[in-house]
Every structure is written in C-alpha cells, then in structure tokens.
Amino acid sequence: PLTVTLDQISHWAHERNLIKGATPQAQMLKLTEEMGELAGGIAKNKPEVIKDSIGDCVVVLTILCEQLGLVLEDCVAYSYDQI
C-alpha cells in the first residue's frame with residue numbers, strides 16, 4: 001500500500017499556501033464538508049468514499065494543527081491519555 005506521512009501532507013500544504021494562506025475557520029468548514037461526505041459514504045455503504053473521506057479528514061486535521069501550532073500526533077496522544 002501507498003504510505004504517506006504527516007510530514008508529506010504538511011509539505012504539500014505549505015507548497016499550496018494552505019497553512020498561512022488559509023484560516024483555521026476555513027479548515028473547520030472544510031473538515032465539516034469532509035465529515036459530511038464520510039457520513040454519506042457510511043450511510044450508502046460505499047467503501048471507496050469512506051476511505052477517501054477519512055483520508056481527507058486527516059489531511060484537513062493536519063493542516064488545522066499546523067495553523068494552530070499543534071502537532072496531530074500530540075493531539076492524538078493527549079486524547080488517548082484521557083481515555
């Protein structure tokens with residue numbers, strides 16, 4: 001399978017000016033859109049839509065973290081520690 005790192009996503013986002021050229025508010029809107037697509041994929045039992053939507057959510061969350069000065073892995077670890 002193709003392996004993509006969060007660093008590669010970050011690099012891609014910087015190249016497209018999505019970190020400094022966009023706002024966290026815009027990323028939240030994009031995340032909501034992607035979550036809607038995920039919900040639709042699950043409701044219609046469309047595995048390819050589900051897979052794509054989950055990936056898109058990770059990309060958006062990676063960008064949002066960069067904008068807010070956070071690291072996605074740290075956020076996941078923090079949540080995991082809470083459960």
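Lys 30 and Glu 33 form a salt bridge, and their closest N and O atoms are 3.5 Å apart. The term salt bridge stands here for a side-chain nitrogen of Lys or Arg within 4 Å of a carboxyl oxygen of Asp or Glu. The structure is a predicted model, in which local features need pLDDT of at least 70 and side-chain atom pairs count only at pLDDT 80 or more, while totals for chains, interfaces and linings use all residues. Residues are numbered from 1 along each chain as its sequence is written, and side-chain values use heavy atoms, with hydrogens and water left out.

Both Lys 30 and Glu 33 lie in helix H2 (residues 24–43), three residues apart, which is about one turn of the helix. Helices are DSSP runs (H or I, at least four residues), numbered from the N terminus. Lys 30 also forms a salt bridge with Glu 34, with 3.2 Å between the closest N and O atoms. Lys 30 and Glu 34 are four residues apart in helix H2, again about one turn of the helix. Through shared partners, the salt bridges join Lys 30, Glu 33 and Glu 34 into one network.

Lys 30 counts as partly exposed because its relative accessibility is 32%. Glu 33 is also partly exposed, at 41%, whereas Glu 34 is buried, at 4%.

The count of salt bridges comes to three. One of them joins Glu 15 and Arg 16, with the closest N and O atoms 3.5 Å apart. Glu 15 has a relative accessibility of 54%, so Glu 15 counts as exposed. Arg 16 has 43% and is therefore partly exposed.

Gln 67 takes part in another kind of contact. Gln 67 lies in helix H3 (residues 47–68) and is buried, because its relative accessible area is 17%. The side chain of Gln 67 reaches the backbone oxygen of Ile 19 at 3.3 Å.

Asp 7 sits in helix H1 (residues 6–15). With a relative accessible area of 64%, Asp 7 is exposed.

Key. Helices (H or I, at least four residues) and strands (E, at least two) are DSSP runs, numbered from the N terminus. Buried means under 20% relative accessible area, exposed over 50%, partly exposed in between (1.4 Å probe, protein chains only). A polar contact is a pair of N or O atoms within 3.5 Å; within protein, one must be able to donate a hydrogen and the other to accept it, and residues adjacent in sequence count only if both atoms are side-chain atoms.
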